[in-house]
Amino acid sequence: MMFQGSENVKKNEHFANVIKSGGMCNAFTMFDGTVYYDVMPSSNLETALWLESDRMNSLNITEDNMANQKSVVIEEKKQVAENIPYGTTNQNIFKHVFKGSGYEIPIIGEVDDINSFTVEEAKEFHGKYYSPGNAVLMVSGDIDYDNAEMLVSKYFSDISKENNIIRKENVFSEMKEDTSMDVYENVQLPVLNLCYLIPGSGNIENYPLDYLCEIMASGKSSRLYRKLVYEKKLAKSIKMYPLTLQDAGVLIIKAMINPGSDIKEIENDIYSELESFVSKGMTDEEFEKVRNMLEFEFTAKHQKFENIAFETIMNFLYHNDVSRINREIDKYLSVTKQDVQSSVENFILNKKRFKLTYLPEQLKQ
């Protein structure tokens, strides 16, 4: 709807104005916020600010525009989740691991909710949430600071909207027992997901988990890859990774299983390897290799200006601290071998898990 026209910009003219100015624009939605961005030559900064202020201040929300966008969203839901193999994985994981919180509902929504959304509700939502009091505006690049500040004030200071938003606390409860879910779909290979609740973005306990993921199941030299893919040939691939949101996160161990392999054997091998990691620890070589890799990746990532800009936005949205980017690497480098070993006990071996398994339809009895 934000691209369907506003008071001074006709339908699809936001795209047209940006492209004519030598740039590109888009938007994406996360659980904790929505980001709109315009990438343009710095000489056209005023055009970008005018476009964004116009659609923040006013929006052309009509029945026709609404009906069209509902169709677009429902089709996107089919393309990215419902009609692709394993497409509902994250949806099913979040529904069980984040049960009772705002994160258990898919970002894109349910079809019934999308269809029932009214013009009046859309106007109310835009009026309530799309205001300077509920937004972060970031201008970055080859700009003149004083001129940029003047232009921001020119286009946004007069937008007057009440911002009486009361946010409900996202409450997360530890899983009290192991739970499982089997999904039979038109897939060729089974996929096993072992999922654990972890803290949200920026929590100091999450940094050792990044080391653990690299050592255990990241790349062909990792422990679980060597054991399950190379040696025992039970799995086609295996990886371990965290998904962190503002208020909580989930650690996922995912194995794509070869035909005929015993899923329970794979699960047992995973736990056996993790228990061995706790009892025997890691070598200095393993630890230093991961430490150097994380430092290199952090440095390389921040050589791209758009990555710095996005991370700065997230640091403000999540932590109200734009300078976190300058201290992040120190948190990685302060992790010890004992921290990594302890993370296995703290978040996996001593915690309940949600097991999600995707199976070929022909295996259903």
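A salt bridge is taken here as a side-chain nitrogen of Lys or Arg lying within 4 Å of a carboxyl oxygen of Asp or Glu. In this predicted model, the side chains of Glu311 and Lys301 meet that criterion, with an N to O distance of 3.4 Å. The pair links distant parts of the chain, since Glu311 belongs to helix H12 (residues 305-319) and Lys301 to helix H11 (residues 284-301), 10 residues apart. Glu311 counts as buried at 14% relative accessibility, whereas Lys301, at 37%, is partly exposed.

By this rule the count comes to 16 salt bridges. Another of them joins the side chains of Lys77 and Glu110 at 3.9 Å, N to O, and it too links distant parts of the chain, with Lys77 in helix H3 and Glu110 in the loop between helix H4 (89-97) and helix H5 (111-116), 33 residues apart. Lys77 is buried, with a relative accessible area of 2%, while Glu110 is partly exposed at 33%.

Within helix H10 (residues 263-280), Lys264 and Glu267 are three residues apart and therefore separated by about one helical turn; their salt bridge has its closest N and O atoms 3.8 Å apart. Lys264 is partly exposed, with a relative accessible area of 44%, but Glu267 is buried at 2%. Both residues are also part of a network of salt bridges with Arg353 and Lys355.

Helix H3 (63-82) and helix H6 (119-129) each supply at least two of its residues, and H6 gives the most, with three. Glu121, which lies in helix H6, counts as partly exposed at 36% relative accessibility.

Notes. Residues numbered from 1 in each chain as written. Predicted model: local features only at pLDDT ≥ 70, side-chain atom pairs only at ≥ 80, totals over all residues. Heavy atoms only, no water. Helix = DSSP H or I, 4+ residues; strand = E, 2+ residues; numbered from the N terminus. Buried < 20%, exposed > 50% of the residue type's maximum accessible area, 1.4 Å probe, protein only.
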